Structure formats: structure tokens, C-alpha cells
Amino acid sequence: MHLPAPLAAELAALAERYGPPALVEAAIPDGVFNPVSQRDRVGEVCMVIRRPSGRLLTVRKTFYPAGVMRLPTGGIGHGEPIEAALLREVAEETSLAVAVRRLLAVIAYRAPETPPGLDAFYTFAFLLDELGGELIVQDPDERVEAFGEAAPAELPALAAALAALDEQVDREIGGSWRSWGVFRAAAHLAVARALGAAAE
């Protein structure tokens, strides 16, 4: 996996603290949709928040196709430390107090137009334990419609539903729901494998 030098150094430090992640390369149909096409970020964090029940927090946004629920994610700004982005996004999207437990996976996405040796976008998936607080969205721009929960064993089914979205182009994401869904499915499968919840 190719990572720019600053990200590679930061990843090494995170792996020392939170354990070595699975390194996953995922092919996507194209990179013409948000967030992959957004230039205000180098990648995203995936917040795998384990609730006291042992189930994982999921989220639905107002503009998603019917039935879509997924693990929450948030952007990493240029020059922003990965862990700082993680904690900022947890606060903005959930208001929960959490403890970071493990760095589960790093996913690098490659679209057909991605030049050799470079990856289009990165997801850094962290397992966090909910410690307390009230589940409230702080940032209204997130457009969260509902929260849900999923058992780790349900992540492959969530991934399959995401990957099966149709080709409809939607200006809300600047591209095709199909491409977006394939992209989102990859992180769910990587997290499921890291948690021992996916059949090989």
C-alpha cells in the first residue's frame, strides 16, 4: 500500500499505540462522488463505536437511498492529525465520550483513473468503546436522520446492501450511488474481518 510519507509516519505511530491494522486495497468503479472527489481532505476516519450492549453504532443521513444504514465516518483535513480528526468527528456526530481501543484497518481505494503508485482515498477505521454521554448530533450540517445499531456479525449484510445500490446519479453526492455504495461496502467488510465477524 502506498501512503504519502507524512501519513505513513503517522500510521506507524498509531500502530504502536493501537495495534497494527489490516491493510486493505479496494477497487472502486470510479472516484467521481463525495467524499472521494472532495479536495478538502486526505481521507476519512471510520468510527466503529461499540455501545455498552456490544453492538456498533450506525447512522442514516437524510439524503440516503431508502434503507441505507452504515458505520459513521468523517473527513481528515489536510494537515490534521488522524487521531485528532477521529475525536473531533466523534464529538460532532455523536457527542459521546469514547475510548480508542484499536486501529482496525486502513483501506486504500483505487479507481480506474487513479495513476499507478497513488491511491485515491484512505479510510482509517478505529474501534472505540462508548463510555458515556447522550447521543446527540452537534453539527446540523451532518444531516443525520437516525442512529441505529448493528452486531459485528451483521456488517457483511450491511456491506452487501451498500454494494447493491443502483446506478442513479445524485447531485447530493456528486456521482453514482452504485460507486458510493461499493466504496462504503469495502470499509464494512474490512471492519468485519478485523473483528472476526466475516466469513473468509
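Tutor: Start with arginine 88, which is partly exposed, with a relative accessible area of 28%. Keep in mind that this is a predicted model. The side chain of arginine 88 meets that of glutamate 80 in a salt bridge, 2.8 Å from N to O. This pair is one of the salt bridges in the structure; a search of the whole model finds 15.

Now take another bridge, between glutamate 83 and arginine 17. Their closest N and O atoms are 2.8 Å apart. Glutamate 83 sits in helix 2 (residues 82–94) and arginine 17 in helix 1 (residues 5–18), so the bridge ties together parts that are 66 residues apart in sequence. Glutamate 83 has 16% relative accessibility and counts as buried, whereas arginine 17, at 56%, counts as exposed.

Compare the bridge between arginine 184 and glutamate 44. Here too the N-to-O distance is 2.8 Å. The link spans 140 residues, from glutamate 44 in strand 2 (residues 41–50) to arginine 184 in helix 4. Both ends are shielded: arginine 184 is buried, with a relative accessible area of 6%, and glutamate 44 is buried at 3%.

Helix 4 (residues 177–194) packs against helix 3 (residues 155–163) with the axes 7 Å apart and an angle of about 165 degrees. Angles over 145 degrees count as roughly antiparallel, so helix 3 and helix 4 are roughly antiparallel to each other. Their crossing is left-handed. On the helix 3 side, the contact uses Leu155, Pro156, Leu158, Ala159, Leu162 and Ala163. On the helix 4 side, the residues include Trp180, Val182, Arg184, His188 and Leu189. By type, the contact residues divide into twelve nonpolar, two polar and two charged. Arg184 therefore takes part in this helix contact while its side chain bridges to glutamate 44 and is buried.

Alanine 99 lies in strand 5 (residues 97–110). With a relative accessible area of 15%, alanine 99 is buried. Leaving aside residues up to four places away in sequence, alanine 99 touches Leu127, Leu128, Asp129 and Leu131.

Finish with the backbone. Most residues other than glycine have a negative phi, and most peptide bonds are trans. Serine 95, in the loop between helix 2 and strand 5, has a positive phi near 65 degrees. Serine 95 is partly exposed, with a relative accessible area of 24%. Arginine 143 has a positive phi of about 55 degrees. Arginine 143 sits in the loop between strand 6 (121–132) and strand 7 (144–150) and is partly exposed at 34%. Last, the peptide bond from asparagine 34 to proline 35 is cis, with omega near 10 degrees. Proline 35 belongs to the loop between strand 1 (22–27) and strand 2.

Technical notes:
Residues numbered from 1 in each chain as written. Predicted model: local features only at pLDDT ≥ 70, side-chain atom pairs only at ≥ 80, totals over all residues. Heavy atoms only, no water. Axes fitted to C-alpha atoms, helices over the stretch in contact; angles between N-to-C directions. Helix = DSSP H or I, 4+ residues; strand = E, 2+ residues; numbered from the N terminus. Parallel < 35°, antiparallel > 145°, perpendicular 65-115°, else oblique. Left-handed = near helix turned anticlockwise from the far one by under 90°. Contact = heavy atoms within 4.5 Å. Nonpolar A, V, L, I, M, F, W, Y, C, P; charged D, E, K, R; others polar. Salt bridge = Lys/Arg side-chain N within 4 Å of Asp/Glu carboxyl O. Buried < 20%, exposed > 50% of the residue type's maximum accessible area, 1.4 Å probe, protein only.
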